[in-house]
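How do helices sit against one another in a protein?

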Amino acid sequence: MTAEFFASLILPLVMTLSSILPIISEDDLFSVFLSGCTDGLKTALSIFPTLLLLVVAVKMFTASGALDAVCSFALPFMNFLGIPADMFPVVVMRPISGSGATATVKELFSSAGPDSLPGFASSVLMGSSDTIIYTVSMYFAHINSKKTGFTLPVSFIVLLFCTYLSCLASKLLLQTL
């Protein structure tokens, strides 16, 4: 029995259990499902303006050339930390937009290659960090709070730490390969 065989059974098993569970359950699962959908739609409507503002701001940030300006400003500091220059756009886009960072990583892969140090370190960074602005804005919009306190500064320090460690781990791993 291979892993592919078991993987091919997952979807039919989930569908079968989803069909049998409402029949054998004593709870009214349909009303629970409708209640969950209603709560989900209320949450989606409450965070929609924040999400729309964030998407527009990200598009304006990249289209205005501010991304390039921030990258050139941070160049000496990133060089001091040993972070590859090709990785700068990923580091700048990661806290702002997950999809923007993914597109930036894709561009990096086409220019430097996925097996290069910047490509490898960007992949590690994408897996070890989160989109700070999106996460913080959605969380604080959901709890109706405008006071973020130390959330943003600490989040950016953690991102810098993740960036440094992803480069360090990638350098060490690529040396052993």
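## Two helix pairs

The crossing of helix 5 and helix 6 is left-handed. Keep in mind as you look that this is a predicted model.

Two packed helices are described by the angle between their axes and the distance between the axes. Here are those values for both pairs:

| Helix pair | Angle | Axes |
|---|---|---|
| Helix 5 (residues 98-112) and helix 6 (residues 117-128) | roughly 160° | within 10 Å |
| Helix 2 (residues 29-63) and helix 7 (residues 132-142) | about 140° | 9 Å apart |

Let's begin with helix 5 and helix 6, whose axes cross at roughly 160°. Angles over 145 degrees count as roughly antiparallel, so helix 5 is roughly antiparallel to helix 6. On the helix 5 side, the contact is made by Gly-98, Ala-101, Thr-102, Val-105, Leu-108 and Phe-109. Their partners in helix 6 are Pro-118, Gly-119, Ser-122, Ser-123 and Met-126.

Now turn to helix 2 and helix 7, which pack at an angle of about 140°. That angle makes helix 2 oblique to helix 7. Which hand does the crossing of helix 2 and helix 7 have, left or right? This crossing is right-handed. The residues where helix 2 meets helix 7 divide into 7 nonpolar, 5 polar and no charged.

Notes. Residues numbered from 1 in each chain as written. Predicted model: local features only at pLDDT ≥ 70, side-chain atom pairs only at ≥ 80, totals over all residues. Heavy atoms only, no water. Axes fitted to C-alpha atoms, helices over the stretch in contact; angles between N-to-C directions. Helix = DSSP H or I, 4+ residues; strand = E, 2+ residues; numbered from the N terminus. Parallel < 35°, antiparallel > 145°, perpendicular 65-115°, else oblique. Left-handed = near helix turned anticlockwise from the far one by under 90°. Contact = heavy atoms within 4.5 Å. Nonpolar A, V, L, I, M, F, W, Y, C, P; charged D, E, K, R; others polar.
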